[in-house]
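Subject: Structure handover

Hello,

Here is the structure we discussed.

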Amino acid sequence: MADMASGDGRYTTILAAREGGVLTLTLNRPEVLNAFNRTMTSELLDALRQAERDPEVRCVVITGAGRAFSAGEDLKSRQEGGERSFIASLRERYNPLILRLRTMEKPVIAAVNGVAAGAGLGLALACDLRIASEQARFGQVFVKVGLAPDSGTSLFLLQLVGLGKALEMAFFGDLVPADEALRLGLVNRVVPHEELAAATREWAQRLAAGATRAMGLAKRAFNFAAGAALAQVLEYEAYLQEIAGHTEDHREGVRAFLEKREPRFQGR
């Protein structure tokens, strides 16, 4: 694949490569399971903006380097960077990213190569189609660190799996294996791990050769049919996450995560 010229090699946390009409964006922090820091969200949003404007890009693929798609927010980086306001980080970083994916009038495929958890789950679900490796796992894991759902997951899960299963995922935070994700409708297709790249390429090339203008209008139609609720949901998620982020349970969850032990939550 040739590097995307407009990316001009300045990205440090993602890889951008175009082959024909297909642009592949690879989350490239494998040492931390492609967890998001401020740089990664900024670079991914920039790459998507460029892709949206570039007429040569007719389909976008998002995947992860190494053994994960994305484990969500990099909690260690967040602590070291002194970020305190959840509502600000969601409004400035995650919400624009999710909205860009949902409103971009070009098809977007998530090639889920491993775990997709927290904001990583939100990223995968914001894409139009999802092809998963048999090694993929999906988790609404915010509760594990005393946080509420964000990155659009409260709406996406409600739409895809229904209220009961969405609450089960949110309350327990367990990872859903690829075969169950297919049964639930979280993904469109599951393939052997070694076939993920080829299967994704086949779909992406078909989409890129298709009537992408009509596909864009289809996305617009489905967004309208869903009540155009995503922007409101993202803002309300940010409000709730600000509350959760100031709880003792969240502080304990982060301490436990960094100390590699089970958290001792007290419900306050």
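Predicted model: local features only at pLDDT ≥ 70, side-chain atom pairs only at ≥ 80, totals over all residues.

Residues are numbered from 1 along each chain as its sequence is written, and side-chain values use heavy atoms, with hydrogens and water left out.

The chain

There are 11 helices and 11 strands (DSSP runs numbered from the N terminus: H or I of at least four residues for helices, E of at least two for strands). The radius of gyration, taken over C-alpha atoms, is 18 Å, which agrees with the value near 18 Å for a compact globule of 268 residues (the rule is 2.2 Å times the number of residues to the power 0.38). The C-alpha trace spans about 55 × 40 × 35 Å along its principal axes. Of the 268 residues, 51% are buried (under 20% relative accessible area, 1.4 Å probe, protein chains only).

Pockets

A pocket here is an open set of points on a 1 Å grid over the protein atoms alone, where a 1.4 Å probe fits and protein lies on both sides within 12 Å along at least five of seven lines; lining residues have an atom within 4 Å of a point. Volume is the space filled by probe spheres set on the points, which are joined across faces, edges and corners.

The largest pocket has a volume of about 1,100 Å³. Its lining has 41 residues, with A71, L75, V141, V145 and F257 nearest the centre. Helix 2 (75-81), helix 3 (86-103), strand 7 (115-117) and helix 11 (248-259) each give two or more residues to this lining. By class, the lining of the largest pocket holds 23 nonpolar, seven polar and 11 charged residues (nonpolar: Ala, Val, Leu, Ile, Met, Phe, Trp, Tyr, Cys, Pro; charged: Asp, Glu, Lys, Arg; polar: the others, Gly among them).

The second largest pocket holds about 600 Å³ and is lined by 24 residues, of which R102, D128, K219, F222 and N223 lie nearest its centre. Helix 9 supplies the largest share of that lining, five residues.

One residue

Q140 sits in the loop between strand 9 (137-139) and helix 5. Q140 is buried, at 2% relative accessible area.

Regards

Definitions and conventions:
Buried < 20%, exposed > 50% of the residue type's maximum accessible area, 1.4 Å probe, protein only.
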